[in-house]
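Here are my notes on this one, as numbered points. Have the structure open next to you while you go through them.

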Amino acid sequence: MASSSNGNGNVMDEFEEAFQACLHALTKQESTTGVSKEEIELEVEQTAHKFIDLARQMETFFLQKRFLISVLKPEMLLKDENQELRLEITRKDALISKHYQRLEQWKGLLSDQQTQTYNKSVQSQQSQTSELRVMPNTVGQTTLVPTSAPHISSGIVGMSPAQLQQQHLQVQQQQQQLLQAQQIQQMQQMQSYGKLAKR
C-alpha cells in the first residue's frame, strides 16, 4: 500500500491536497504576490509532478483493493460485471427500439407515397376511360353518356321512348363494363404492390 508523507496514510486526502496546491499554483499571479515568473513556473511544475505521483499511487491502491476483492470475494466482481452487462443490454435495447420506430416511420412514408402514385394512376385511367356527361332525355330523366361515343348522343333527339330506354340500358351496360374493367385493373395493381411490399 502507498505510504503517506504526512503520516495519516489516507491517499485520498493527500490526492485532494495535491490537487488544491496545483490549482493554487496555476492561479497565482506574479504582480500581486511579488514573485517572478520563473518561480511560478517552477512551483507549477513541482505541484503538477506531485499531483501526478499521487494519482498513480491512488490508482495502485485501488487496483490492489480490487485484486484483494477478486481473490477473497469473486462473486462481487461477477455481480459488478453482470450489472454492467445489464446496463449495456438496456442501452442497446433502447437503441434497437429507436431504430424500429424510425423504420416504422419510413414504412409509413413509403406506403403513403405508393398510395399517392396509385391514386394518381387510377385517376388518370378514370379520366381517360370513363369521362361521362349528363344528357337529358325526353322522358325527363338524365342519362350518362360517355364522351367517347358521340354517335349515341347525336341520335337521341329523334328517338321514341322505347328506343331511349334501350339506349339508356346500353349506356348502363357500358358503364358497368368500365367499372368492372377498372376494378380488375385495381386488383391487379394492388396485387403487384403487395408483391413489391413483401420484397
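1. Is K92 buried, partly exposed or exposed? K92 counts as partly exposed, because its relative accessibility is 43%. For the cut-offs, buried means under 20% relative accessible area, exposed means over 50%, and partly exposed is in between, with a 1.4 Å probe and protein chains only.

2. Some ground rules before the rest. This is a predicted model, where local features need pLDDT of at least 70 and side-chain atom pairs count only at pLDDT 80 or more, while totals for chains, interfaces and linings use all residues. Residues are numbered from 1 along each chain as its sequence is written, and side-chain values use heavy atoms, with hydrogens and water left out.

3. The overall layout. The protein chain has six helices and two strands, arranged along the sequence as α-α-α-α-β-β-α-α. Helices here are DSSP runs of H or I with at least four residues, strands are runs of E with at least two, and numbering starts at the N terminus.

4. Burial and surface. Of the 199 residues in the protein chain, 15% are buried.

5. The whole structure has two salt bridges, a salt bridge being a side-chain nitrogen of Lys or Arg within 4 Å of a carboxyl oxygen of Asp or Glu. E88 pairs with R91, with the closest N and O atoms 2.7 Å apart, and E88 also pairs with K92, where the closest N and O atoms are 3.7 Å apart. Through shared partners, these salt bridges join E88, R91 and K92 into one network.

6. E88 and R91 are separated by about one helical turn, because they sit three residues apart in helix α4 (residues 74-129). E88 and K92, both in helix α4, are four residues apart, again about one turn of the helix. E88 is partly exposed at 32% relative accessibility, and R91 is partly exposed too, with a relative accessible area of 47%.

7. On to the aromatics. There are three aromatic pairs in the structure. Rings of Phe, Tyr and Trp (its six-membered ring) pair if their centres lie within 6.5 Å, and planes under 30 degrees apart count as stacked, over 60 as edge-to-face and the rest as tilted. F19 and F51 make a tilted pair, 5.7 Å centre to centre with 40° between the planes. That pair links distant parts of the chain, with F19 in helix α1 (residues 11-27) and F51 in helix α3 (residues 37-72), 32 residues apart. F19 counts as partly exposed at 36% relative accessibility, and F51 is partly exposed with a relative accessible area of 21%.

8. Another ring pair: why is F61 with F62 called edge-to-face? The planes are at 70° and the ring centres 5.5 Å apart, so the pair is edge-to-face. F62 is partly exposed, at a relative accessible area of 46%.

9. Now F15, which lies in helix α1. Ring pairs link F15, F19 and F51 into a cluster. Not counting residues up to four places away in sequence, F15 touches F51, L54, A55 and M58. F15 and K50 are 35 residues apart in sequence, yet 8.9 Å apart in space, C-alpha to C-alpha.

10. The largest nonpolar core consists of five residues, V11, F15, A18, L54 and M58. By definition, such a core is a set of buried Ala, Val, Leu, Ile, Met, Phe, Trp, Tyr and Cys residues joined through side-chain atoms within 4.5 Å. α1 and α3 each supply at least two residues of this core, and α1 gives the largest share, three residues. Neighbours within four places aside, A18 is in contact with F51 and L54.

11. Last, T47 in helix α3. T47 is buried, with a relative accessible area of 14%. Leaving out neighbours within four places in sequence, T47 is in contact with A21, C22 and A25. The T47 side chain also reaches the backbone oxygen of V44 at 3.0 Å.

How values were computed
A polar contact is a pair of N or O atoms within 3.5 Å; within protein, one must be able to donate a hydrogen and the other to accept it, and residues adjacent in sequence count only if both atoms are side-chain atoms. Contact means heavy atoms within 4.5 Å.
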